[in-house]
Amino acid sequence: GSVANDENCGICRMAFNGCCPDCKVPGDDCPLVWGQCSHCFHMHCILKWLHAQQVQQHCPMCRQEWKFKE
């Protein structure tokens, strides 16, 4: 089945109102961040994803160049 991207992190598939798998408790320690492409992720998930990208950093959902939304 398809997962609604507006309710779940596209990287870890966990709910936005929860926290990423690395965190025990949702809240300020596991914030959500948006890219300019309008995709949203848990901060820890996108940082880990970007760190793993050796060349160009891109959104894991749409493959556009990743830039954090100001």
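How many helices and strands does the protein chain have? The protein chain has one helix and two strands, where helices (H or I, at least four residues) and strands (E, at least two) are DSSP runs numbered from the N terminus. The order of these elements from the N terminus on is β-β-α. The model is predicted, and local features need pLDDT of at least 70, while side-chain atom pairs count only at pLDDT 80 or more and totals for chains, interfaces and linings use all residues. Residues are numbered from 1 along each chain as its sequence is written, and side-chain values use heavy atoms, with hydrogens and water left out.

The overall dimensions of the chain were computed next. For 70 residues, a compact globule would have a radius of gyration near 11 Å, and the 12 Å of the protein chain agrees with this. The radius is taken over C-alpha atoms, and the globule rule is 2.2 Å times the number of residues to the power 0.38. The C-alpha trace spans about 30 × 25 × 25 Å along its principal axes. Of contacts (heavy atoms within 4.5 Å) between residues at least 6 apart in sequence, 37% join residues at least 24 apart.

Of the 70 residues, 33% count as buried; buried means under 20% relative accessible area, exposed over 50%, and partly exposed in between, with a 1.4 Å probe and protein chains only. The chain exposes about 4,800 Å², of which carbon and sulfur atoms supply 50%. These areas come from the Shrake-Rupley method with a 1.4 Å probe, and for residues only the protein chains shown count as cover. The protein chain carries 6 positive and 7 negative side chains, and the centres of the two sets lie 8 Å apart. Lys and Arg count as positive and Asp and Glu as negative, without His and the chain ends; the place of a charge is NZ of Lys, CZ of Arg, CG of Asp or CD of Glu.

A search of the whole structure finds two aromatic pairs. Rings of Phe, Tyr and Trp (its six-membered ring) pair if their centres lie within 6.5 Å, and planes under 30 degrees apart count as stacked, over 60 as edge-to-face and the rest as tilted. Phe 41 and Trp 66 form a tilted pair, with 5.6 Å centre to centre and 55 degrees between the planes. This pair links distant parts of the chain, as Phe 41 is in strand β2 (residues 40–42) and Trp 66, 25 residues apart from it, is in the segment after α1 (43–52). Phe 41 is buried, with a relative accessible area of 0%, and Trp 66 is buried at 6%. Trp 66 also forms an edge-to-face pair with Phe 68, at 5.4 Å centre to centre and 90 degrees between the planes. Phe 68 counts as partly exposed because its relative accessibility is 33%. Together, Phe 41, Trp 66 and Phe 68 form one aromatic cluster.
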